[in-house]
Amino acid sequence: MHNIKAHWPAIAIWLVAWGLLVELDGTFNLANLALLLVLASAMAGMFLSATTSLVVSAASVLLFNWFFIEPRYTLDVHLHQDALLLITMLGVNTVVSYLMSRLRIAAALETQHAQAAEHMQQWRESLREATDAVEQTQLLRAFLEQKTKHEASVQLIEPPLLLGNATALDQQGLRACIQQFAALGPGSGRHENQTTLFLPIRGQARALGAVAIHRHTSQAMDARTLQQLQQACDLLGLDMERAHSLQLAQLAKQDAQSQSLRNTLLTSISHDYRTPLANLMGAASAIHDQSSRLSTEKIEALASTVISEAQHLHRMTTNTLQLARLDAAPLQIKKDWESLQELLGSVLAKARQRYPTRAILVDMPESLPLIHCDAILLVQLFDNLLENAVKYSPDSTPILIQVQQQPTSLDIRVIDEGCGISDAWKAKVFQAFERVHDDAAQVDASPEHALRRGMGVGLAVCQAIAKVHGAKIWVEDHAPQGTALCVSMPVLPQPDMHMQEV
């Protein structure tokens, strides 16, 4: 019954062809009727095996001789041209049937190849989406078991891993497969008497592991299937090797960056710490060695120098350590709901103590939403911005802190009336150890201001702090002259204050 269902198109074609032969008998000559049989043989051959198609074609020629060749209802042939017609029909039907069956087999193989390629592509995509070697190994094992219908075991060298129920003998085979860098077992050409098939997980030059397919017979596996299984193993090996190479490259890059940062940091420390340390030690030595001969005013001036230089060193050290901490673990910060007015008030109080004669103005709305932030980091950000404005603007000019409320953010601008920053440096100033070197920035080149320029990490720290808060930081020109350092802090849905109080 199954064969009839599978071959019903061929049966239908032959029935229609014979019906047409009977209907057209006497209307067309034998040569034309013979062409109808050749057409039927070609069409039916698409649905029959080669042997069946040849048998049916030969039978059709005999039946054609029986019913249509004179004398009818016998297998005798009186005319030579009729005999030639039958021989030609038999030859053409045979060739056509064979070619059609081969074409059908080739089409079936092509379909199988396409399905296998699609399956392999799906496997490659799933392998690419896996997060680590363990998950990739589990995917390979599932693929092999689905493909072979046999249990599989997988062993990796790095990381050390063994999945599956591998006996001691199987583990020996896995190790031998890894060492020999070649397949072992039925169909591999090595140890053909074994029932278990071992395949290496191959990289470019070495085996990264091996798989064992636990079969129950030593009969060789189909060569195409064996090739697909080895290809799947090789895909895993190459992917693991590529991931390892990328990891080594990333580590090398990080090491190079760390070395570069270390060298730059040491250079900056040796250069920028030397002068304030020298001034600090000079003032402290003078107080220690000559305090009996110095006036009270002179001692107070020297003590003020010690305090100022110590604060400057402390600020540079804090910025450098904060930059290193944020680069190492940028997401490990503690956020809470804070008032921007209170944070800026704390910054202003410290700044007015350091610079009592400097005019620092504030333009801020009375009511502002809370911001979700790390208060210590944000105070350091605003303190660095204010310190930068003080350094790079004349003492006689005011500094303005301006706060504007936007629909989804709070924009804070620290505005000075200094020499400004050229367009070429507006992005560079946020890079670590970068300081503006153009002539405009050197208008105020007094020894005191040259000392206070620091290591070039203040704004880099500001950018790192803004980044971990989801904020934006940039530089704008301020008319008629000066610079505005801008920060846009996101405003999140406000907390329920009543619930917090309860």
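In what order do the four strands of the open sheet stand? I looked this up first, and the order is β2-β1-β4-β3, with antiparallel pairing. Strands are DSSP runs of E, at least two residues, and helices are runs of H or I, at least four, numbered from the N terminus. Two strands pair if DSSP finds at least two bridges between them.

Notes on the source. The model is predicted: local features need pLDDT of at least 70, side-chain atom pairs count only at pLDDT 80 or more, and totals for chains, interfaces and linings use all residues. Residues are numbered from 1 along each chain as its sequence is written, and side-chain values use heavy atoms, with hydrogens and water left out.

I then looked up β1 (residues 151-156) and β4 (residues 207-214), which run antiparallel and are joined by six bridges. Glu-151 has His-214 in β4 as its bridge partner.

Helices. I found that α6 packs on the sheet and touches β1, β2, β3 and β4; contact means heavy atoms within 4.5 Å. The direction of α6 makes about 150° with that of β1. Axes are lines fitted to C-alpha atoms, for helices over the stretch in contact, and angles run from 0 to 180 degrees between N-to-C directions. Helix α7 (residues 168-180) also touches β1, β2, β3 and β4, at about 140° to the direction of β4.

Thr-137. I located Thr-137 in helix α6 (residues 133-148). Not counting residues up to four places away in sequence, Thr-137 touches Val-154, Leu-156, Leu-161, Leu-163 and Leu-236.
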